[in-house]
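Today I wanted to look up a surface patch and the strands around it.

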Amino acid sequence: MAIPSGISAQLGVAEESTYGTYVAPTRFYEFVSEELTMEIERVESESLRAGTFMLSTSRWAPGKKNVEGDLEFELTWKGMGLWFKHMLGQAQTSQPDAVDSADVYLHTFTPGDFPTGLTVQVGRTAITGTTHPFSYVGCRVAEWEMEGAVEDPVSLTVSLMGRDETTDEPLASVSYPTNNRIYTFVDGSLTIDGSPVCVKEFTLSGENGLDDERYCLGSQLRNAPVQSEMRTYEGEIVTEFTDLTQYQKFIDGVEAELVLTLEGPVIPGDNDGDYKFQIQITCNIRYDGETPTVEGTEVIEQTLAFTCIDDGSGPGSAITITVQTDEPNP
């Protein structure tokens, strides 16, 4: 019997080949929290009927279904590529040195057409000790946010939009990646135009502009959400106020290259020791403010809000995420 609380919860994911068709989970994640839910709207009659004082059984019906909610993770050496693929859309895989480092893979993610969708299964354990599978099909990433700060692990929250929920599928058997660890603030560094910046905390988020109202006559279920608005990627870094270099970029309206790197140990099987577990995010940014101010006796800090901008060479110039790992598939 499982421990009758959230301690026994599990989360599994699989990529779908047909949108909204269940696929048994093959990838499993440790997670901080989940808020996936299904709402069913109620369609109620407004007709008047003599002698009726309130809504009756025959005058309401189930309406459209809406699956949505957040999943929060801590970034790890392995397993995160799948989420980056569904956050941005385009994924390419290469090997930096297939001869001497055959177990090293580099996955590159850029904005592009979204994959078909995900099946996400959450195992929720009842007070009786039974873990019940809640499976959500047709899930696409609507929004996401990554954040990190001194003393904390680096976290990722993805906001999903799905098609349907079922409790009829069997609970998948969990299998986690081996020798997998978290990235923390100690593993991170950030440069702007190649110069290191002392960062206290950062956030980076994306909104994919998905249409959540793709319902048609004859079904309660949402059709595959498609992009109907411009995607936006933006963030914020908090630094010590060092000089006017970054502030002047804001004043002058100058774009800059921001590179955030999270780095782990050398990947096993790399004979030369040149390749480490790594997540690297490269953005072309425009500063959106703000002026540093004095709020007391403490060291003056500067908050730099930014937006990722396509420099004209393609969406990958606005944001590119690379993952170096020993997993052959993202």
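I began with the surface: V150, F185 and V186 make a nonpolar patch of about 260 Å². Areas come from the Shrake-Rupley method with a 1.4 Å probe, and for residues only the protein chains shown count as cover.

A note on the source: this is a predicted model, where local features need pLDDT of at least 70 and side-chain atom pairs pLDDT 80 or more, while totals for chains, interfaces and linings use all residues. Residues are numbered from 1 along each chain as its sequence is written, and side-chain values use heavy atoms, leaving out hydrogens and water.

Next I looked up V150, which sits in the loop between β9 (131–149) and β10 (155–162); strands are DSSP runs of E, at least two residues, numbered from the N terminus. V150 has a relative accessible area of 40%, so it counts as partly exposed (between buried, under 20%, and exposed, over 50%).

Then I followed β9 and β10. They pair in the antiparallel sense over seven bridges (pairing takes at least two DSSP bridges), and W144 stands opposite V158 in β10. The two strands form a hairpin with five residues between them, and E151 in the turn has a positive phi of about 85 degrees.

Last, I checked β14: seven bridges join it to β9, running antiparallel, with L204 as the bridge partner of M146.

Terms used:
Patch = residues over 30% accessible without salt bridge, like charges linked within 9 Å, V, L, I, M, F, W, Y side chains within 5 Å. Salt bridge = Lys/Arg side-chain N within 4 Å of Asp/Glu carboxyl O. Helix = DSSP H or I, 4+ residues; strand = E, 2+ residues; numbered from the N terminus. Buried < 20%, exposed > 50% of the residue type's maximum accessible area, 1.4 Å probe, protein only.
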